[in-house]
Structures are given as structure tokens and as C-alpha cells.
Amino acid sequence: MIISVLITLVIAAPVSWFLAISYRKGVYEKKIGAAEEKSREIIDEALKVAETKKREALLEAKEESLKTKNDLEKECRERRAELQRMERRLQNKEENLDKKTEALERRESSYTAKEENLNKKNAEVDALLEKEKLELERISGLTSEQAKTYLLQTVEEDVKHDTAKMIKEMEARAKEEANKKAREYVVTAIQKCSADHVAETTISVVQLPSDEMKGRIIGREGRNIRTLETLTGVDLIIDDTPEAVILSGFDPMRREIAKIALEKLILDGRIHPARIEEMVEKAQKEVETMIREEGEAATLEVGIHGIHPELVRLLGKMRFRTSYGQNALKHSIEVAHLSGLLAGEMGLDIRLAKRAGLLHDIGKSLDHEMEGSHIQIGADLCKKYKESAVVINAVESHHGDVEPTSLIACIVQAADTISAARPGARRETLETYTNRLKQLEDITNSFKGVEKSFAIQAGREVRIMVIPDQVSDDDMVLLARNISKQIESELEYPGQIKVNVIRESRVTDYAK
């Protein structure tokens, strides 16, 4: 029984499989036929749509072509009409030109006749002038060359008089306006930058706790005082002044080192050569630190940043440099403030003006150590540390050695003069003062026609007596101007010098 079932299954499985395959094949063939029929319908529909689109495109192209053709024909008609109008205008212009040419030819012939007539009249006038010239020479008794010379002399005197008068008026007017403006700027700047001036001295005083300390400072056989003087380069003056020692020296930095070292020794109480050497070394380090701090404080006070650290150190070093008793660092700070104020009044770069004013005397920090003037040293330092061309020119030109190339350089010149010329700002040695007076009188006496000259009012005015026969009233104006120019170019002086030319005319007669 089982075997028959298995046989039945074996026979039935292939038959069922074959029947299933046949059924599926029929279904697939029907689907493929339906798909092919559908695709043929889609293709036919697409061909119909394409044909319709093609006919529509052809119609649109024909319409566009017809429209373009009409536009072109219209434009051609308009251009033809424009050309015809232009042709008519050209014909009219040509006719007008022909008429004008005929009129010009008629005028030319008329002018030619007039020119011939004028030439004849000119010849007659020349003949009459020659005749009059001969008659004038006969009447005056002068030849034409002599008359020209006389006329030129007369004209020259008149022109000289007018020139002197004009120069005087223009100078007076220009000076009045310039002085008014300058006074406004300078007074405003000075009022905004008030500063106290204390003349620097060449001595420092160190207070002692008692007079007994003087002997300890001197030491056995003077060893301590000699050591201190050798190490610092400063003279110690120990006299009858109670409880005080005087340090004397022209170098403020050395005096400061000696003062700090001596104060430390007095506080410490142990005073001997080895201890003195140690304290002097510490004082030198303290002064170096002080120099750096003074330079940084100066830049902060002025409000300038970005200066090279070495230039800042050199600025601090100027704290221990004086010029005619005026502290160089305080002078530079004041010049910076004044330069900034003047630049603000004139609408210039305030920061750049302050920078130039602060660095204008930077060469004085090294002029005792290097050869050359402080101007050249300062300019070289500014070039070395990449300062701007305006700052370098301001440094070079603040004493007139180089022509200023910017208004800021001129402002620094003015600020430097203001700071130096303030009452009490500087002391001037007697030798410098007398030399300037002598130079002033030598300059004025070198001019032709000057009889005597006197420098008065501490060199602020020079009075010049001229020879009346050699210098006229008109010549006085020119003489005063020329003397002023030469004084400006050859002398260095604070403020201004008044040139006063005096001409005296005397008439003498005798009653008999």
C-alpha cells in the first residue's frame, strides 16, 4: 500500500509541475501581448502629438519671419527718410558756405586796400617821429641814448621807492596777520600746557644722621672717600656744613649713583672699600632700573606707544641730562605736549606731532659718549629703530640744520623754542651771551652804509645808525629786511630780535 502511494506521488509530481509551467506560460504570453498593444498605442499617440507640435512650430516660425521682415522694411523706410533729410540739410549748408565764401572774398579785397593805405600812413608817421626826435634832441641838447639813461634812472628811483613802500606795507600786513594767528595758537598751547621750571644744579646734598658719620665716610687715611670718588667719578665735599655731605659733578647720572650708594652705606653703617664697591654696583643697577621706568613713564604721560624699547631706555637716560640747567627729559615731554596742542589747533596728526616732539632731542642721551651733534646722533637713532620720515626730519630740522619738509617739523621747532625760551627755563652762560651780542653787532656792521650798531635789551633788539648820505629812507626798509634775514640764517637765539634802523638828517648853518 505504501509503495503504491509513493509511486502515485512520483508520477503525480512531474505531471503537476508540467501543468503549472504551461499555465504560467499562457498567462505571461497574454501579458506580453497586452503590453505590446499598449506600447503601440503610446507610440502612435506620441507620433500624432509630435506632428501637431511640428505644424505649430512651423506656423510660429513663419509668423516670426513675417514680423521680422515687416520690421526691417519699416526701419529701412525710416532710414531712407532720415538720409533724405540729412541730404537736404547738407545742400542748405553748402549753399550758405558758398555765400559766406563770397562775402569773405569781398572783405579780403577791402582789407587789402586798407592795409596798403595803413602802410603809407605808417611810413608818414615814422618820418614825422624821426623828425620830431631830431627836433627834441636839438631842443634838449641830449642824444637819444642820454635821454634813455636819464629816463631809466628816474624810473629806477620811482620803482625803488614804490617797491620799498610795497614791501613795507605787505610785510606789515602779513606780519600782523601771521603774528595774530601765531599768537592765538601759541598762547592757546602754552595755556593748556603749564609747567614748572626748576633749574638743575651740578651738586647734590646727602643728609647725615650726625657729624660723626663724616669721619667714617672719609675713612682711615681717606681710603673710603677715595674709593667712593674713584668708583663714581664724583667729588665728595666734606666741609663745615652740619650733618651734610655735598656731591659735586657735571654728570647727573654719576651724582645719582653716588647719592644712592652713600645713602645705602649710611643706613648700613658698614663703610669700607669692599662694601663701598658693592653698594656702588647696587646703585648702578637701581639707576638703570630708574632709567627704564622714567622712559616708560614719559611715553605714558605723552600717550605715545610703539616706540622701540632701546629708544624708551634712552629717553629715560635723558632724565640725567641737562641743557643750560633745563632737564632734557622734562623739556622733551613739554615739547611733545606743546607739539600735540599746536597740531590740534592746525588740524594735523596729534600723535605723530607728539612722537616727533618727544624724540626731537633723543641724541642728547648719547652726545657725551659718541662723536657728532645731538641732532645727527638723534636722526641716526631714529633711522636705526625704524621711525617715520616725518619724525626723522623733525629731529634733523629742529635747530634749522636741515630744511623742514612738513608742518609737523615746523611745529616741533616752535614748541622747542617755546619750552626753551620760557622765563626761568634755562640759564645761559656769560660767555655764550657776550658772544651772541658780539656776533649780532658784527653782522649789522658788515652792511654798507652802517655807521654804528648797538645790541640792547639783552640781545632782544639791535639799533643801527646809518650814514644819511649813503642810505635813503627807501633804502632803510630794504636794509632792515636784509639784516633780519642774515641774523636768522647765522645766529641761534630764543624768541625774536628787533632790528631798528635809525637815519638822522642834520642841517647846519651859521648866523653872521
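# Reading helices, cores and salt bridges in a predicted model

Author: Helices (H or I, at least four residues) and strands (E, at least two) are DSSP runs, numbered from the N terminus. This is a predicted model, in which local features need pLDDT of at least 70, side-chain atom pairs count only at pLDDT 80 or more, and totals for chains, interfaces and linings use all residues. Residues are numbered from 1 along each chain as its sequence is written, and side-chain values use heavy atoms, with hydrogens and water left out.

Reader: Is F320 buried or exposed?

Author: The terms rest on relative accessible area: buried means under 20%, exposed over 50%, and partly exposed in between (1.4 Å probe, protein chains only). F320 has 5% relative accessibility and therefore counts as buried. In the protein, buried residues make up 28% of the 512 residues.

Reader: Which residues is F320 in contact with, leaving aside neighbours within four places in sequence?

Author: Contact means heavy atoms within 4.5 Å. On that basis F320 is in contact with D251, P252, M253, E256, V287, M290 and I291. M253 shows how sequence and space can be read together: F320 and M253 are 67 residues apart in sequence, yet 5.2 Å apart in space, C-alpha to C-alpha. For the protein, among contacts between residues at least 6 apart in sequence, 62% join residues at least 24 apart.

Reader: How should I read a nonpolar core, and which residues of the largest one touch the most other members?

Author: In soluble globular proteins, nonpolar side chains tend to be buried together. A nonpolar core is a set of buried Ala, Val, Leu, Ile, Met, Phe, Trp, Tyr and Cys residues joined through side-chain atoms within 4.5 Å. Here the largest core has 34 residues, and L311, L358, I362 and L381 touch the most other members. The elements that give two or more residues to this core are helix 6 (273-302), helix 7 (309-317), helix 8 (328-346), helix 9 (350-359), helix 10, helix 11 and helix 12 (407-421). Helix 8 provides the largest share, six residues. As for L358, it touches T299, V302, I307, L315, S332, I333 and A336, not counting residues up to four places away in sequence. A second, separate core of 26 residues includes M213, V234, V287 and F320.

Reader: How is the packing of two helices described, and at what angle do helix 10 and helix 11 pack?

Author: Two packed helices are described by the angle between their axes and the distance between the axes. Axes are lines fitted to C-alpha atoms, for helices over the stretch in contact, and angles run from 0 to 180 degrees between N-to-C directions. Helix 10 (residues 374-384) and helix 11 (residues 389-397) pack at an angle of about 170°, with their axes 8 Å apart. Angles under 35 degrees count as roughly parallel, over 145 as roughly antiparallel, 65 to 115 as roughly perpendicular and the rest as oblique. Helix 10 and helix 11 are therefore roughly antiparallel to each other.

Reader: Which residues meet where helix 10 packs with helix 11?

Author: From helix 10, I375, G378, A379, C382 and K383 meet V391, I392, V395 and E396 in helix 11. By class, this contact has six nonpolar, one polar and two charged residues. Ala, Val, Leu, Ile, Met, Phe, Trp, Tyr, Cys and Pro count as nonpolar, Asp, Glu, Lys and Arg as charged, and the others, Gly among them, as polar. The buried residues of helix 10 are H374, I375, I377, G378, A379, L381 and C382, and they pack against helix 7 and helix 11. Just after helix 10, K386 takes a positive phi of about 60°.

Reader: What is a salt bridge, and how many does a search of the whole structure find?

Author: Side chains of opposite charge can pair when their charged atoms come close. A salt bridge is a side-chain nitrogen of Lys or Arg within 4 Å of a carboxyl oxygen of Asp or Glu. The search finds 17 salt bridges. In one of them, the side chains of R313 and E288 meet at 3.2 Å, N to O. R313 lies in helix 7 and E288 in helix 6, so this pair ties together parts that are 25 residues apart in sequence. Another joins E396 and K383 (3.7 Å, N to O), linking helix 11 with helix 10. E396 counts as buried at 18% relative accessibility, whereas K383 is partly exposed at 45%.
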